[in-house]
Amino acid sequence: MRSVIFYRNYLRYSGGHQKVLDYFDHLDARPEWTPSIYLEGGLDGVADNPWEQWREASVSSYLPANYDVAFLAGVDWKPYLAAGSREDQPVINLIQHVRHADPSSNVYSFLSERAVRICVSPEVEQAILGTGRVNGPTYCIPNGIDQSILRNYVTLPKTRDLYILGAKQPQLAAALAERIQAPGLDLLVHDRHVPRQEVLAAMAASKICILLPNTTEGFYLPALESMALEALTIVPDCVGNRSFCRDRDNCLMPALTVEALSAAFHEARRLRLEGGEKGLLESARSTVKMHSLQREREEFYKLLDDIERVR
């Protein structure tokens, strides 16, 4: 049995937290591995904490040196290094954003720490390798999504014309909604954080989804979720989505401006009226199949089988 310790400071749901949870699940499903989780602040401080399902695997103290392997993501390096790690301990570092390659970011310095790094997209891997600072091997394992969860939503009737996911760009979302709104248009805007269940239900019930990411992301899971929920997806380029979002193939990719997004919405409506969206939706379904959680798990297991050699 190999023991693995995770660390999370969980305040609310995000795609980044979801992927760490997915990797915890991957390890738990492997009989010869035993993952544990240390949650800063404990399990009871946040409503709808997804780590609740792993209460029995939670520990009250973060002592990474007591475990065979440490799993880190983002700024988890800070408590890990402060806790006094073992020099011979393998570290698996999940890299979820291109900002790790930005010298001004709070995670850039950690690239020089020895670790086996999993990059969630080719763009992330290219970005960090371009720094010349990466200490240890890198693996690109593109993000997968749990399609079994999404099936609970995909049966919802598509009664809404448009959904705008704008929590990361609230001012742009508001301006876009004002620009697009017209009599008879059924429009829903989320310009603040809402529970994931509400986002998925909104996507599933909408014919067209406009998703507003940060200017840079490591992957951007909502685009893949929107495709899986069979919405005609409009999402600007955010670097990390380039490997799976293809303009006018499986989605529309306008610039991150009110004018371009509005034009893309009207193009999408025209495509729907003329039946021209079928090709995009079919290509989107193929993209989703390529990003299954099972495929992600299998790629991760290949790394685990070789971790002593590659670290």
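Colleague: I'm new here, so let me start inside: how do the residues lining the largest cavity divide into nonpolar, polar and charged?

Modeller: That lining has 3 nonpolar, 2 polar and 5 charged residues. Here Ala, Val, Leu, Ile, Met, Phe, Trp, Tyr, Cys and Pro count as nonpolar, Asp, Glu, Lys and Arg as charged, and the others, Gly among them, as polar. Before we go on: this is a predicted model, in which local features need pLDDT of at least 70 and side-chain atom pairs count only at pLDDT 80 or more, while totals for chains, interfaces and linings use all residues. Residues are numbered from 1 along each chain as its sequence is written, and side-chain values use heavy atoms, with hydrogens and water left out.

Colleague: What makes a space a cavity rather than a pocket?

Modeller: A residue belongs to the lining if it has an atom within 4 Å of a point. Searching the whole structure for cavities of 30 Å³ or more gives 1, and the volume of the largest cavity is about 60 Å³. A volume is the space filled by probe spheres set on the points, which are joined across faces, edges and corners.

Colleague: Which residues line the largest cavity?

Modeller: They are Gln18, Lys19, Asp22, Gly144, Ile145, Asp146, Ile149, Arg196, Leu221 and Glu225. The elements that give two or more residues to this lining are H1 and H7, and H1 has the largest share with 3 residues.

Colleague: What makes up the lining of the second largest pocket?

Modeller: It has 22 lining residues, and Tyr13, Asp48, Pro50, Arg196 and Gln197 lie nearest the centre. About 430 Å³ of space lies in it. H1, helix H4 (147-154) and H6 each supply at least two residues, with the largest share, 4 residues, coming from H1.

Colleague: Why is Ser283 called buried?

Modeller: Ser283 has a relative accessible area of 13%. Buried means under 20%, exposed over 50%, and partly exposed in between (1.4 Å probe, protein chains only), so Ser283 counts as buried. This residue sits in helix H9 (residues 278-290). Leaving out residues up to four places away in sequence, Ser283 touches Arg246, Asp249 and Asn250, where contact means heavy atoms within 4.5 Å.

Colleague: Which other elements hold buried residues?

Modeller: Strand S2 (residues 33-39) is mostly covered, with 6 of its 7 residues buried. In H6, the buried residues are Arg196, Val199, Leu200, Ala202, Met203 and Ala204. They pack against H1, H4, S8, S9, strand S10 (206-211) and H7.

Colleague: How do you know that S1 and S2 pair?

Modeller: Two strands pair if DSSP finds at least two bridges between them. Strand S1 (residues 2-8) and S2 have 7 bridges, in the parallel sense, so they meet that cut-off. Tyr7 has Tyr38 in S2 as its bridge partner, and Tyr38 in turn has Val59 in S3 as a partner. S2 and strand S3 (residues 58-59) pair over 2 bridges.

Colleague: What makes S3 an edge strand?

Modeller: The open sheet has 7 strands in the order S3-S2-S1-S4-S5-S6-S7, with parallel pairing. S3 and strand S7 (138-140) each have a single partner strand, so one side of each is left without a neighbour in the sheet.

How values were computed
1 Å grid on protein atoms, 1.4 Å probe; cavity = no way out; pocket = protein on both sides within 12 Å on 5 of 7 lines; lining within 4 Å.
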